Amino acid sequence: ESEKNWAAAIVAFNHVLALEPGRPGIHYQLGRVYLGRFRDAGNSQDRDAAMKEFNAELANDPRNGNAAYELAYLQAEGGNTAAAAEQYEKLIRMYPDFEEALVGLAGIDLTSQKADEAVPPLEHAVKLRPDDEVAWWRLAQADRAVGNREGQQKALATFTRLHQVIPGTLRNPAADAVTPQRLDKNATP
């Protein structure tokens with residue numbers, strides 16, 4: 001998997017599942033392999049397979065926050081924002097400090113014109129991980145939309161400082177366990 005040898009990783013994880021079908025975490029890992037292959041090749045069948053595996057992991061272990069997050073992320077990316085928001089909300093109820101989920105939910109709120117609902121999770125997210133440039137960018141957008149000019153300026157200044165360091169280098173190593181939230185296309189200081 002780490003070498004992006006997707007086919008071999010799929011065979012290996014399926015072999016583990018054949019030996020031990022209920023082993024926790026294997027469907028999640030298999031989903032990540034399909035997701036990696038989808039990101040590389042863009043084949044929608046891989047995206048569908050990833051979602052199937054994340055759902056299988058949740059059926060096996062309903063408290064697997066990483067699988068729930070990946071499923072919500074893919075739903076949001078695929079335009080199913082209602083299902084994604086529901087999944088993010090459920091995940092945040094289980095794990096209130098899941099920073100990427102807070103940022104993901106706030107992103108949906110922003111695109112749904114619910115900036116007032118986006119502010120609290122983003123404020124929590126930047127406290128949890130002050131180096132998350134996506135959270136700061138979205139917080140600046142939310143603060144602007146609700147008329148908090150001072151908050152917007154502070155969030156934008158922090159985003160600008162973080163973004164100038166070298167975009168993408170401040171990632172929390174633990175965040176590599178899930179797909180990180182991404183900046184909007186127009187996110188420039």
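Axes here are lines fitted to C-alpha atoms, for helices over the stretch in contact, and angles run from 0 to 180 degrees between N-to-C directions. Helices (H or I, at least four residues) are DSSP runs, numbered from the N terminus. This is a predicted model, in which local features need pLDDT of at least 70, side-chain atom pairs count only at pLDDT 80 or more, and totals for chains, interfaces and linings use all residues. Residues are numbered from 1 along each chain as its sequence is written, and side-chain values use heavy atoms, with hydrogens and water left out.

**View 1. Helices α1 and α2 pack at an angle of about 165°.** Helix α1 covers residues 6-19 and helix α2 covers residues 26-41, and their axes are 10 Å apart. The two helices are therefore roughly antiparallel to each other, a term for angles over 145 degrees. Their crossing is left-handed, meaning that the near helix is turned anticlockwise from the far one by less than a right angle. On the α1 side the contact is made by W6, A9, I10, F13, N14, V16 and L17. On the α2 side it is made by I26, H27, Q29, L30, V33, Y34, G36, R37 and D40. Contact means heavy atoms within 4.5 Å. By class, the residues of this contact are 10 nonpolar, 4 polar and 2 charged. In this division Ala, Val, Leu, Ile, Met, Phe, Trp, Tyr, Cys and Pro count as nonpolar, Asp, Glu, Lys and Arg as charged, and the others, Gly among them, as polar.

**View 2. E57 lies in helix α3 (residues 44-60).** E57 is buried, with a relative accessible area of 0%; buried means under 20% relative accessible area (1.4 Å probe, protein chains only). Leaving aside residues up to four places away in sequence, E57 touches P24, G25, I26, H27, Y28, N64 and A67. E57 and P24 are 33 residues apart in sequence, and 7.3 Å separates them in space, C-alpha to C-alpha. The side chains of E57 and N64 are joined by a polar contact of 3.5 Å. Such a contact is a pair of N or O atoms within 3.5 Å; within protein, one must be able to donate a hydrogen and the other to accept it, and residues adjacent in sequence count only if both atoms are side-chain atoms.

**View 3. Q75 is found in helix α4 (residues 65-77).** Q75 is buried, with a relative accessible area of 13%. Not counting residues up to four places away in sequence, Q75 touches R47, M51, N80, T81, A83, A84 and Q87.

**View 4. Helices α6 (residues 99-111) and α7 (residues 115-128) cross at roughly 155°.** Their axes come within 8 Å. That makes α6 roughly antiparallel to α7, and the crossing is left-handed. Helix α6 contributes E99, L102, V103, A106, D109 and L110 to the contact, and α7 contributes A115, E117, A118, P121, L122, H124, A125 and L128. This contact has 10 nonpolar, 1 polar and 3 charged residues.

**View 5. Q113 sits in the loop between α6 and α7.** Although Q113 is not a glycine, it has a positive phi of about 60°. Q113 is exposed, with a relative accessible area of 70%; exposed means over 50%.

How values were computed
Angles under 35 degrees count as roughly parallel, over 145 as roughly antiparallel, 65 to 115 as roughly perpendicular and the rest as oblique.
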